[in-house]
Amino acid sequence: MNEDYLITIDEPRIQQTCDAFFKWKDLNTYVKSLVSRGINVPDAISEPMGCYCLNLRWNKSTGGDAMAPDGRKIEFKATSNFAYDLSSFGPICDFDSLVFLRFDLDLNMLFVYDTGVNSEELKEIPVSRTATVGDYQKAGKRPRFSIIEKIIEARNLKPTVAFNIRRCRIETVESI
């Protein structure tokens, strides 16, 4: 990972990101009033929030979404539908930890799950009765599955961090 492309999300940047979230949310509400499907949360909003919450540096280049202080390569996946997600992974992905960003639009909250799953463990997750993520990747396909169902619920994970987007601050998970 090229250090020149790693960005620290400081207070002014997180404030800009929170402001951008509400602009996106307004646009998403408008789009959903016209058609049934909304707009995904842009990476330029979700990833800086995840970095801020976990003290990571955001990677604005290729080779992972973020880097931890200890050098671990972080992969982010996000959903703006709190109850449901469908995530996909490319045939070639390499990361040390998967972080799931789960937005609750009604509460204006982000729940961050540092799953601890790396790209090798990911390959073992079943995506059908007969195939795993790794099987799909070997075939050059992008496996799609629910991280909420296959990782968060299956491992009974709780959020690592909760972020109040309205107040632009980290909350204790217990206070939610």
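Let's start with strand β9, residues 161–164, and strand β10, which pair in the antiparallel sense over three bridges. Strands here are DSSP runs of E with at least two residues, numbered from the N terminus, and two strands pair if DSSP finds at least two bridges between them. Within this pair, F163 stands opposite I170 in β10.

A quick word on what we're looking at: this is a predicted model, where local features need pLDDT of at least 70, side-chain atom pairs count only at pLDDT 80 or more, and totals for chains, interfaces and linings use all residues. Residues are numbered from 1 along each chain as its sequence is written, and side-chain values use heavy atoms, with hydrogens and water left out.

Now let's step back to the sheet. Eight strands form an open sheet with mixed pairing, in the order β1-β2-β3-β4-β6-β7-β9-β10. Which strands stand at the edges? They are β1, residues 6–8, and β10, residues 169–171; each has a single partner strand, so one side of each is left without a neighbour in the sheet.

Next, please find R102 in strand β6, residues 97–104. R102 is buried yet has no salt bridge. Buried means under 20% relative accessible area, exposed means over 50%, and partly exposed lies in between, using a 1.4 Å probe and protein chains only. A salt bridge needs a side-chain nitrogen of Lys or Arg within 4 Å of a carboxyl oxygen of Asp or Glu. For R102, the nearest side chain of opposite charge is E153, 5.0 Å away; Lys and Arg count as positive, Asp and Glu as negative, and His and the chain ends are not counted.

What does join the side chains of R102 and Y113? A polar contact of 3.2 Å. That term means a pair of N or O atoms within 3.5 Å; within protein, one must be able to donate a hydrogen and the other to accept it, and residues adjacent in sequence count only if both atoms are side-chain atoms. Leaving out residues up to four places away in sequence, R102 also touches others, including F82, L110 and I152, where contact means heavy atoms within 4.5 Å.

Our last stop is P91, in the loop between β5, residues 87–88, and β6. Is P91 buried or partly exposed? At 37% relative accessibility, P91 counts as partly exposed. Beyond its neighbours within four places in sequence, P91 is in contact with Q137, G140, K141 and R142.

Conventions. Helix = DSSP H or I, 4+ residues; strand = E, 2+ residues; numbered from the N terminus.
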